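Trainee: Please take one part of this model and walk me through it closely. Keep it brisk.

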Protein chains: 6
Amino acid sequence: MPYILVQVTDEGVTHEQKAKIIAGATDLMVEVLGKDPDETFVVIDEVNTDNWGRGGEMVTLRRQRQAAARRKP
Amino acid sequence: MPYILVQVTDEGVTHEQKAKIIAGATDLMVEVLGKDPDETFVVIDEVNTDNWGRGGEMVTLRRQRQAAARRKP
Amino acid sequence: MPYILVQVTDEGVTHEQKAKIIAGATDLMVEVLGKDPDETFVVIDEVNTDNWGRGGEMVTLRRQRQAAARRKP
Amino acid sequence: MPYILVQVTDEGVTHEQKAKIIAGATDLMVEVLGKDPDETFVVIDEVNTDNWGRGGEMVTLRRQRQAAARRKP
Amino acid sequence: MPYILVQVTDEGVTHEQKAKIIAGATDLMVEVLGKDPDETFVVIDEVNTDNWGRGGEMVTLRRQRQAAARRKP
Amino acid sequence: MPYILVQVTDEGVTHEQKAKIIAGATDLMVEVLGKDPDETFVVIDEVNTDNWGRGGEMVTLRRQRQAAARRKP
């Protein structure tokens, strides 16, 4: 009877990627714990990068810095 | 001091239904555990059917199949 | 396909109270949203009063103060 | 390796306030528990006032009542 | 920067099974979303069967009924 | 009306540290968002290091490796 919450930043997760996450997380419960897939819920929560922090800063700023670093020759 | 999270698919939950869920979940805490309603938080989280999986597939697909089955004579 | 998390302090919630919370929360989803009870998960999370804060203080201290106030004539 | 979820009503939390919440919650983990900020995730979840209940009623209604009370002479 | 919560009943999940869940959920984020494994947190929450309800009843009772059904010739 | 969940590994968080986390997280809501402390819940969830994964491995193993590295001359 597993419940799986997958929380990720909302950086363009596609319909196909969501389908793969749902299938993969469910398979994991079936293969490792022998759970019934029909009893397995997977919820994907997409979080705006302004609302996710790491290292004390918004992921939005982290992404800007990463992009700037890549643009440098 | 209960905190209750009600996570449901976002299939048109009305304002009135939300009010009933909040009132009902709070009453449950008061009646069963003797909690103070003012100390009881209820949070309703509406999840897109693309982001909820069961049986390894998106609820969106599940709903389409259920609708197709109903249309058949 | 609701998932309901009921988080309460671990102040002696009995087996019977847990059964009532599970039944009541499930009934609420059936009556208000027309959900299938078999598709409704209820998870009760009992939290130590040292690990729950309100008003900036541990519930443990709050309970001690409430008990002391009741003992006063 | 802390994960911190900050759930608040969506009553106009600004970009600057989000940055302060992320920085402040991360600092708290560093100062109190000696955690590495880079290992600290902070997620802010803004909840519509229709979806948050307290005292058995929607926060939306609570806010309307509070506003009406303030308008009275 | 994914955070994955895996909530399951506490029916003897072994150390090896936990390792497989952590590895599998992390791999899923790497393969499907291209995430950095070092930025992926997986938290396993084992819930007592008395504290998990489905179909309006405790999983504990459900398991007893399932076991009784298997014993019948 | 904030609800804050602080999830950390259960590596000996003391009573005093919990009190500081509760006070600090509540102060943050008061100072940044102007919230009422009495309406602010803080829940600390201590997770066994076997149940927390990062980089695809249990934190338990990570800690053992870190300790081994420190013992080396």
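Mentor: Take helix H1 of chain C, residues 15-33. Helices here are DSSP runs of H or I with at least four residues, strands are runs of E with at least two, and both are numbered from the N terminus. At 1.5 Å a residue, the 19 residues of H1(C) should span 27 Å, and the end C-alpha atoms are 27 Å apart, so the two agree. The expected span is 1.5 Å times one less than the number of residues.

The model is predicted: local features need pLDDT of at least 70, side-chain atom pairs count only at pLDDT 80 or more, and totals for chains, interfaces and linings use all residues. Residues are numbered from 1 along each chain as its sequence is written, chains are lettered from A and ligands numbered from 1 in the order written, and side-chain values use heavy atoms, without hydrogens and water.

Now the faces. Buried residues of H1(C) are Lys18(C), Ile21(C), Ile22(C), Ala25(C), Thr26(C), Leu28(C), Met29(C), Val32(C) and Leu33(C). Buried means under 20% relative accessible area, exposed over 50%, partly exposed in between (1.4 Å probe, protein chains only). They cover an arc of only 150° around the axis, which puts them on the same side of H1(C). That arc is taken from the directions from the helix axis to the C-beta atoms. On the other side, Glu16(C) and Glu31(C) are exposed.

What covers the buried side? The cover includes S1 (3-9) and H1 (15-33) of chain B. It also includes S1 (3-9) and S2 (41-47) of chain C, and S3 (52-54) and S4 (57-58) of chain E. Contact means heavy atoms within 4.5 Å.

After H1(C) comes Gly34(C), with a positive phi near 70°.
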